[in-house]
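Dear colleague,

I am handing over the structure below. After it come my notes on what was found in it.

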Amino acid sequence: MGRFQIAGLGLAVSVCICAGCSRDVSDPFALAPATPYSTWTPMKGGGLVSSRYCNTVLPPMFESSALSIAEIIDITLQNNPSTRQTWALARSAAAQYGQSLSPFYPNIGFDGSYLRSKGTFVDFTSPVAFYATQAGPDMTLSLTLFDFGQRTSNALAAREALYYADLNHNQEIQNVIQQTMDDAYQYLFTLAVLRANEANLENAQMSLDAANQRFSLGLAALGDVAQARTQFLQSKINLTTQKQNVEDAFARLATDMGLPASLKFKVQQLPEQVSADPLIASVDQLVSDAQAQRQDFLAALANMRSKEALLLKAKRATLPVLDSSFDVGHYWFQGGVQEPDIHWSMTFSLTFPIFNGFYYTNGVKAAQANLEASQAELLKTELSVVEQVTTAHMGVQTAAMNLGDSYEYLKAAELEFQIAMTSYKAGTATILDVMSAQSSLADARSKKAKAQKDWFASLAAIAHATGALCSTPDEGR
């Protein structure tokens with residue numbers, strides 16, 4: 001009875017250990033994002049929950065109605081293959097974490113056997129053949145009682161690897177969002193440049209008409225007409241080339257959204273006037289925010305913790321392991337004979353390696369090197385985060401200043417062109433004055449469109465650099 005009491009105590013201890021992680025083993029996918037377009041976030045109490053931020057329904061009339069940037073992002077997150085890949089990797093890591101918890105549970109097996117054998121024995125001087133039959137079931141229960149934390153360190157490493165995969169998925173969502181926003185703003189920029197080129201062509205036509213009119217009246221030389229026509233043809237070529245640029249930008253945006261480039265849809269235009277407010281936090285504050293929010297930085301931290309746990313596992317690999325097993329069964333034999341009662345056996349074993357060709361020593365060295373590599377990767381990621389935040393901070397301020405100046409530049413260029421055209425028609429200015437004013441106006445229109453695009457792109461860049469894109473609510477809310 002004493003042996004049964006010891007086995008029962010070991011089983012009770014094992015059940016207590018496993019109670020807190022039974023859900024993780026049976027449903028490890030609960031620890032990964034729910035969909036390819038969902039972010040994962042740790043919650044209070046050490047538990048995990050999959051969230052559905054940034055998840056909206058695909059607009060049913062997206063081919064006929066103009067899509068906002070938010071709708072474009074929603075479509076992208078539901079179709080982009082990059083997030084599907086990181087989502088699958090996160091689910092794989094979740095399943096591997098569930099596997100790492102299995103050694104905490106008893107291992108129960110069933111063995112049913114049927115044995116039919118033939119033998120020979122010698123009866124006095126002649127051999128006599130005989131047959132024997134044995135059949136019956138066996139149930140085996142085995143459980144590791146104590147292993148000096150080897151299972152724990154392995155499970156901890158797998159859990160941190162799961163966090164690493166989950167956080168990388170979160171970062172990929174933010175990368176996809178930023179890339180989509182950049183390509184959307186680039187597409188809108190090409191459309192704005194196209195409209196500017198159309199206006200430039202109209203101005204070139206006005207200049208050509210004025211030159212032809214003055215030439216017909218004998219008030220201008222043929223060279224004026226030639227220069228005006230050259231400017232007109234150059235504007236026409238620019239317009240044709242820009243149409244190709246628009247198609248290229250549209251194709252990139254459609255690809256980001258996981259849609260074929262041949263499927264046409266409309267995008268809401270940027271406003272004509274944008275008020276730029278460059279008031280943002282200091283670089284130090286933004287870097288601090290990035291260290292708390294950047295998913296790739298947090299993933300690098302999780303990867304380092306995983307490598308620390310693997311190093312601990314490698315160091316514990318040479319420690320003793322206490323195992324137990326219990327076998328119970330019943331056999332039937334030839335001729336209807338059977339055991340009078342069930343048979344059982346109980347085993348306790350203590351094992352540990354003494355020498356294995358320096359296998360475990362080299363395992364510790366490899367784990368230590370992997371830990372140092374993860375620490376270097378963490379430092380590399382942190383330096384990259386600081387660099388991105390610093391450049392994005394300056395980018396917002398630069399874009400704000402350029403946006404305001406571009407509006408003033410456009411107003412001045414429009415006035416210059418009007419004065420030059422009026423003066424040329426009155427004979428007080430040359431065609432060169434008109435061409436110069438026309439070129440300045442074309443440049444001002446292009447710079448205004450680029451300044452607007454740069455302003456919106458700089459906001460997306462600083463949000464991405466600080467990890468604020470698609471951020472989740474605070475845990476306490």
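**Salt bridges**

E160 and R305 form a salt bridge, with their closest N and O atoms 3.0 Å apart; a salt bridge here is a side-chain nitrogen of Lys or Arg within 4 Å of a carboxyl oxygen of Asp or Glu. E160 lies in helix α5 (residues 150-216) and R305 in helix α8 (residues 295-316), so the pair ties together parts that are 145 residues apart in sequence. Helices (DSSP runs of H or I, at least four residues) and strands (DSSP runs of E, at least two) are numbered from the N terminus. E160 is buried, at 6% relative accessible area, while R305 is partly exposed, at 34%. Buried means under 20% relative accessible area, exposed means over 50%, and partly exposed is in between, with a 1.4 Å probe and protein chains only.

Before going further, some notes on the source. This is a predicted model, in which local features need pLDDT of at least 70 and side-chain atom pairs count only at pLDDT 80 or more, while totals for chains, interfaces and linings use all residues. Residues are numbered from 1 along each chain as its sequence is written, and side-chain values use heavy atoms, with hydrogens and water left out.

A search of the whole structure finds 9 salt bridges. In general, side chains of opposite charge can pair when their charged atoms come close. One of the salt bridges joins the side chains of K264 and E247, at 3.2 Å from N to O. K264 lies in the loop between α6 (222-256) and β6 (266-267) and E247 lies in helix α6, so this pair ties together parts that are 17 residues apart in sequence. K264 is partly exposed at 44% relative accessible area, and E247 is partly exposed at 41%.

D296 and R294 also meet in a salt bridge through their side chains, at 2.7 Å from N to O. D296 is buried, with a relative accessible area of 18%, and R294 is buried, with 2%. Salt bridges that share partners join R159, E160 and R305 into one network.

**The chain as a whole**

The protein chain has 10 helices and 9 strands. Of its 477 residues, 40% count as buried. Among contacts (heavy atoms within 4.5 Å) between residues at least 6 apart in sequence, 78% join residues at least 24 apart. The accessible surface of the chain comes to about 25600 Å², and 59% of this belongs to carbon and sulfur atoms. Accessible areas come from the Shrake-Rupley method with a 1.4 Å probe; for residues, only the protein chains shown count as cover.

**Confidence**

The mean pLDDT of the chain is 85, and 87% of its residues reach 70 or more; pLDDT is the predictor's confidence in each residue, from 0 to 100. Over residues 1-20 the pLDDT is below 50, and this stretch has 18 contacts in the model beyond near neighbours in sequence. Residues 473-477 also have a pLDDT below 50, with 5 contacts in the model beyond near neighbours in sequence.

Strand β5 (residues 126-146) pairs with strand β7 (residues 321-329) in the antiparallel sense over 8 bridges. Two strands pair if DSSP finds at least two bridges between them. The bridge partner of L143 in β7 is S324. β5 is also joined by 2 bridges to strand β8 (residues 332-333), and these two strands run antiparallel. Here the bridge partner of Q134 in β8 is F333.

R151 lies in helix α5 and counts as buried, at 13% relative accessibility. Not counting residues up to four places away in sequence, R151 touches P103, F104, T144, L145 and F146.

**The loop between β9 and α9**

I354 sits in the loop between β9 (343-351) and α9 (359-426). At 78% relative accessibility, I354 counts as exposed. With L350, F352, F355 and F358, I354 forms a nonpolar patch on the surface, and together they have about 650 Å² of accessible area. Patches are made of residues with over 30% relative accessible area and no salt bridge; like charges are joined within 9 Å, and nonpolar side chains (Val, Leu, Ile, Met, Phe, Trp, Tyr) within 5 Å.

N356 is also placed in the loop between β9 and α9, and counts as partly exposed at 44% relative accessibility. N356 and T318 are 38 residues apart in sequence, and 10.0 Å apart in space from C-alpha to C-alpha.

Regards
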